Amino acid sequence: MPDNIFEIKDLSFSYGNNRVIDGLNLKIKEGKITTLIGANGCGKSTLFNLMTKNLKPDDGIIFLAGQNVEQMKLKDFARKAAIVHQYNTAPSDITVEKLVEFGRTPYHTMGLSPNPDEDREKVKFALEITDTEKFKNKPVSQLSGGQKQRVWIAMALAQDTKILFLGEPTTYLDIRYQLQILRLVKRLNSEFNITVIMVLHDINQSLYYSDEIVAMQNGKVLSQGEPKEIITSKLIEDVYGVTLETGEIDGKPFVIPV
Amino acid sequence: MISTRKKILSFVLTAVGLFVLFIFAVNTGSLKVTPSELFSGLFIEYNPDVATIYDLRFPRIFIAMLGGAATAVSGVLLQAVMKNPLADPGIIGVSSGASLVAVIVTAFFPSLFFLTPMLAFIGGLIAFLLVYSLSWKGGFSPLRIILVGVAVNALCTGLMSAFNSATGSSYTGVASIVNANITQKTWDDFQTLAVYVVIGLIASFFVTNQCNLLSLEDKTAPSLGMNVTRSRIVISVIAVLLASISTAVVGAISFLGLIVPHIARLLVGSNHKVLVPYSILLGAFTLLLADTIGRTVASPYEISAAVVMSVIGGPFFIFLLRRSKQNYA
């Protein structure tokens, strides 16, 4: 049994009077791909923002390997977990390589690097693994959506963390680039043992690429487990409020989303 | 994409331009000396013409250069903090907040004269806080910053003119701040300016990295371990310091903090590690040019550098506003 990398206890968060996360408990396993799913407004993005220190909980604690996330310094957190947000912007003239170098920031003090060789090595690795090295001298603004997304992932990988958060990494991309990103995520997990925690909208991609699914409803975890163990028509109806048929292809569960 | 060669070329050409302009500015006026006379008069033997130039023209030239550099870098920093290419210490009221305090001190508390730069700094900070808090609504709308800035600016400028008129425009000190007149400046003024400006400029070198990271999304910068709020405060304070000190000595110069960073970005790109040092050079060049034009155009009368900057900067600002719809929306 792998250890739990994240442990969340009695977590609550409200926007004004709107209680978005309501006494949530959750454990996330190390070395796995865990995907948060749920209907719009179920609180999965809020949970994502709480786990990544973008929001502060009203109540409850989030532990990252035993440490209270709220009390961790941003810099320490950034050395343990990298985050690719859904929406990103960069100056129009910055090159891919320069942007990926930003990923080394958590290791710098006052803008200076204690170990430039290691920086170069990690940046090179990140460019290679995301297949972005061939346009490293191009401005990010001139790349396609799929290429840009790979560059943002490369920046996160340059942070050299064991945990990678991805917020809806495939939104706005066509199917070819969606698969490219998801296969990259799978490879990062299986070859480099990076724990991946992501939010996905596509239910079938979630089922296919995840080791664990966390289904959320009304700010709570409704169900958690391996895809084929938890996916039933009943769960889909509870989570999304629609009746869909489920099936299996080659031992992998599928939902027919029409 | 701007090649490294082109960036270096921009630096070299601007530095040469600044040197040539400096020599020209030294020689503009009723006294004229050759460069060799100037050199020997300064360093080797006494020459009465050179001595006069040294006492009268040198301070204003150096003050123009320092003031220009400070205002330009202040613009770069404010634009990074507010993510708004139209932010400028003049337009958003920081300069007029600083000059208002400088005017009040000069007119009513002349004994505190030595504190003017620090008090002007506080005035600039108050104006900045007003604009910042009034235009923040879960984010900065570029338009709101400009609108609130215009209001704060108008208020401070109005109060300043009122003080100037109420004292019968009799205090030359007050009038010189209001009109941004640097004719009468001395080496003492230069020293005051130099100390603070050098501190501010050195500090600005330490935040270039943070300025670069601020250009990412506000969620992305913290995920790289940066405390965005703290960085914004530190960078803003440096920007306000530079603009306020410059205003306290030189007077409010509009548009300089807008035009110089904009041209600088076109020439050397948006990486602040290059942009800040280049803006120092180009800012010094631009304000010295404005001052020198003001001295020559209607000679023997002088038009203040601020007026020259407004005449050139006004149309340029409109040009930027029209362009910005395509680039920054």
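**View 1. The largest nonpolar core in this predicted model holds 159 residues**. Four of its residues touch the most other members: A:Val100, A:Phe165, B:Leu77 and B:Ile245. Helix H3 of chain B, residues 48-82, gives the largest share of this core. That share is 17 residues. In soluble globular proteins, nonpolar side chains tend to be buried together.

**View 2. A:Phe165 and the residues it touches**.

**View 3. Chain A meets chain B**. Chain A brings 22 residues to the contact, and chain B brings 18 residues. On the side of chain A that touches chain B, the elements giving two or more residues are helix H2 (74-80) and strand E6 (81-84) of chain A. H2(A) gives the largest share of that side, three residues. What kinds of residues make up the side of chain A that touches chain B? Eleven are nonpolar, eight are polar and three are charged.

**View 4. A hairpin in chain A, built from E1(A) and E2(A)**. Strand E1 covers residues 4-15 of chain A, and strand E2 covers residues 18-29 of chain A. The two strands pair in the antiparallel sense over eight bridges. A:Asn4 has A:Lys29 in E2(A) as its bridge partner. Two residues lie between the strands. A:Gly16 sits in the turn, with a positive phi of about 65 degrees.

How values were computed: Residues are numbered from 1 along each chain as its sequence is written. Chains are lettered from A and ligands numbered from 1 in the order in which they are written. This is a predicted model: local features need pLDDT of at least 70, side-chain atom pairs count only at pLDDT 80 or more; totals for chains, interfaces and linings use all residues. Two residues are in contact if their C-beta atoms, placed from the backbone, lie within 7 Å. Helices (H or I, at least four residues) and strands (E, at least two) are DSSP runs, numbered from the N terminus. Ala, Val, Leu, Ile, Met, Phe, Trp, Tyr, Cys and Pro count as nonpolar, Asp, Glu, Lys and Arg as charged, and the others, Gly among them, as polar. Two strands pair if DSSP finds at least two bridges between them. A nonpolar core is a set of buried Ala, Val, Leu, Ile, Met, Phe, Trp, Tyr and Cys residues joined through C-beta atoms within 7 Å. A residue is buried if 20 or more other C-beta atoms lie within 10 Å of its own, exposed if 12 or fewer, and partly exposed in between; C-beta atoms are placed from the backbone. Lists of a residue's contacts leave out its neighbours within four places in sequence.
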